[in-house]
Structures are given as structure tokens and as C-alpha cells.
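Subject: Structure handover

Hi,

Here is the structure for your files.

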Amino acid sequence: MRSAPTILHLDMDAFFAAAEQAAKPSLRGKPVVVGGLGPRGVVATASYEARRFGVHSAMPMAQARRLAPNAAYLVPRFSFYRSISEQVMRLLGALSPLVEPLSLDEAFVDLEAGGAARDAASARAVGERLRAEIEAVTGLTGSVGLAASKMIAKVASERAKPDGLVLIEPGTERALLGPLSVRTIPGVGPATGEHLRRAGITTCAELVEAGEDELVRLLGRAQGVSLHRMALGHDDRPVVAERDMKSVSVEDTFDTDLHDRLRIRLEVERLADRCVRRLRSSGHSGRTIVLKVRRYDFSTLTRSETLRGPTDDPVVVREAAARLLEGVDTTGGVRLLGVGVSGLADWTQEDLFAQAAGLIAGVAPGPGPDDATGTDTGHPPEPGRPPGAAPDARGGPGPGAVRQWSPGQDVRHAEHGPGWVQGSGVGRVTVRFEVPRGEIGRVRTFRVDDPELTPSEPLPLVAAPEAPELVSPEQLEPPEGQPSSPATEPKERSGAAGSGGADSSIP
């Protein structure tokens, strides 16, 4: 354990919902819920205003709607959140080489490794400066916890919410943890927590009282010893800058159970394509293909197949997933499907064959057709275009296709400019036209197929500072026959007289 609170934990406040409120002035101070909007959707994030009604993350969306019927319910915009996250992570990276991201909105930082802080006073100063920089760059707020260990730093950031900073002095950890739930300790999930509750252990203080031997008897040696040490406040886990990715997966929950076998197979193939795109974007390939099926009765089946070598070929992954599906009984219906790839590598078996062929022929292997263009098959539907509808030559929806608009989606109108979708139905779409940090915008309704309304990219929450106007050398030259004015004198000369800068009378 350290002697100074130089481990920082940052947790952005209600990140997805706060980003939506910042992007949409009409939602400021109002309950906002982000997540899947279908009947089986789940809440991803709820704003603090929505939490007052009892809405929280991982809650079924149907329950959230009953608790807060007047909240704004929006689909997630992950590319938008990711761009903000990258800005935040760059700020953290400037503090230390040891930054351990846990998600888009949460990370640990080892301040001592970067020389940013060595004691409580300097750590607090760094934390306050970081909070100010995050708000200046993104327009959002984050809560900061500072402590001598990762576990306690996370507890501190929870206590700092929202928009605060809490520093836990080394030596006070045990007193802090005592009354807290055993679920506070990393590695204690619902199952372990319930097991401990049945043994009469619900707080960290009761973990300490139970003793190491009793915890080993209840949970096994590895977990029992670890839990006892952490309940005493001892956490020696280092901040790890890079974690090895173990798997890549995608899954979908359907609004109604799927019964048609052909439809199920098509969904599996679609998920396989999405999984491969994510796999390629991370620069990996994998050997083991995994299929996940949750049936109508909530029973979940997992099947896997290991290939001879790693691959990122969508055809190979699709075929393997289809073979796995053949061995699953889908009678009664399917509510969730997922496809994943594990056993990751940063090369493929096809790479080795290509390199060997290149060596034999005396040439280096070139990119394939997909590599040359950076494209792949099975692109997801574009916003505003329904799944399965082919785009026309202009990239819009094909003839006869009905455009789909989702609440919260970014749009642009040829006349009214940027806005976002408030809702759609009965052939109409309602759009509010407003921009981040602007005034509350006006609402207008259009036909869903209005050609002047198109999907657009999100606007930045904080406008980039304008670049200073450049002045050409010709503009600095005085007209022929006129003496140089003080404004056109070299800088050294204008400052030599002690004026302290340029003439304030210059327009």
C-alpha cells in the first residue's frame, strides 16, 4: 500500500444522459433515459433527474417508463459518446503513462507514475485541475476519487458524485469500509453476495470479524484470502495501462420471440458479420466461434467451435455460427441471440499462407479487394434506412422503403439546419432544431420521407476555438513612400520600449 493518495479514479456523471442533455438544450434539467426503446430494452443510463423517480441502469425499459412516464427516452449514440471519451482519455494520458480505462466514462490513473503528484496536497490539486479541464473541453462533469489503492479510490469517486472530489487519507481505509456492503469489494457479485448473506455476512466489518479461515471455508482459499485482505483495506492491485482483449462479441434482444428457423439463421449471420467488423476494427482475429441463444423461458445455451487457426473471414465465422445453430433446439422461440469470437490473435492463418506464397514467388503479399478499399460485406443499415432496404445510387433508401427515425437521432434539414428527432409515427417525424449550448429550439413535423430531411453527424458539445486570422507579408508592408507604423515594426522593437505588447488602438 502507498503512503500517499496518488491513485485517481474518474467517473463521468451520468455520462450518456449528461451528453444528451448537453447536446439538446431543451432537455437540460429534465429527466432523460438512454437505452433500448423496444419492449425488451434495458436502461443504459438515467440522468439524475430521472433517478429521483427510481430509474437506474440495467432496469427494464418498460419499468422505467412506468416510473417516469414524462421522461425523454432516447436511443444511444455510441460514436458520439466515444468521441467525448477520447477527449477525456487524452486529458488523463497527459497526467500519467499509467491510465487504465474501465469503460467509456471511467478510468484509473497512477499519478505517481507520471510525477503529477507525490502527496495529498498535490494529488488534490491535480484532481481539481482535471475536473476543470474536462468541463472546459467537453462541457460535461466528472467525479474524482483519490486514495492509496484502486478499491478505495473508486469508493471515493462514488462519494464525490455528482461533480465533486473526495480524497481518502491512507490509514483510514478500514474505518471507511466497515459499514459498507460486501458488494463494495471487487469480485463480490450477486452470487457471492447472496452466499455471504446466507452466512450472516453483509458488511465489510462482518467480513473482518468472520476471519480468514471462515471465509476460506465458505468461498475457497483464493477468494477467501483476497476478500479478507480487501475488507481490511489492503489492495495492492496496480494500475494497468493496457489490458489484453480476450474476446469480441455482439448480441441482440428481440422485441418478440423469434420462431421461424430461417429468420433465426439470418439473424445469426447478421450478428456474425457485425462481430467480424468489430474484430477487424480492433486489429484481431480469433480461433473459437461462440453462439449464445436465450430461449423463451430465459434458459441460455452457449455453443462453441474451435478452428484450426485464427481467422477474421466473415464467411468462415458465419458458417461456423450456422453449424452451431443446427445443434440448438429453438422450439418455443428465441428472445436473444449472440455471436462471439475468442482465442484472439493479431494474425490470421490466411496471413501465413499469403506470406509463404509471397516468399515462394519472390514478392510481398498485397492487400485483398476488401483490404484495398477498407470495406467489408454486410454493412449495418444506415440511419434513416430500414434493415434490408438497399440504398439507391445517392445513398438514400431504395424505392418503396419506409425511412425509420429513432428518438434522439441527429438530423439536418435543408432549410432549418441541424436538429434531433423527438419522435415519429403514422408517417410523420417530429424534429426539434437546436444546437449544443444554444437556445431551446423550435419543433417542426415532416413526412418521414421528406427529401430535405437527412441523417447527420453529431455536433461537438464545445466548439473548437477559432484559429487566429493569418496576415500575409504583403499586408504588413506599408504603402510605398510611407514610413512604417509601430504596428508593423518587428516584435522585438515594439516591445523594447516597455509598452508590454501591441498598440491597443490598432483595430
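Buried here means under 20% relative accessible area, exposed means over 50%, and partly exposed lies in between (1.4 Å probe, protein chains only). The model is predicted: local features need pLDDT of at least 70, side-chain atom pairs count only at pLDDT 80 or more, and totals for chains, interfaces and linings use all residues. Residues are numbered from 1 along each chain as its sequence is written, and side-chain values use heavy atoms, with hydrogens and water left out.

Helices are DSSP runs (H or I, at least four residues), numbered from the N terminus.

First, α11 (residues 221–231). Its buried residues are G224, L227, H228, M230 and A231. They span an arc of only 165° around the axis, so they lie on the same side of α11. The arc is taken over directions from the helix axis to the C-beta atoms. R221 and A222 are exposed, on the face turned away from the buried side of α11. The buried residues of α11 pack against α6, α7, α8, α9 and α10 (contact: heavy atoms within 4.5 Å). Just after α11, G233 has a positive phi of about 95°.

Next, α12 (residues 261–281) and α13 (residues 314–326). Their axes come within 9 Å and cross at roughly 140°. Axes are lines fitted to C-alpha atoms over the stretch in contact, with angles from 0 to 180 degrees between N-to-C directions.

Best wishes

Key. Helix = DSSP H or I, 4+ residues; strand = E, 2+ residues; numbered from the N terminus.
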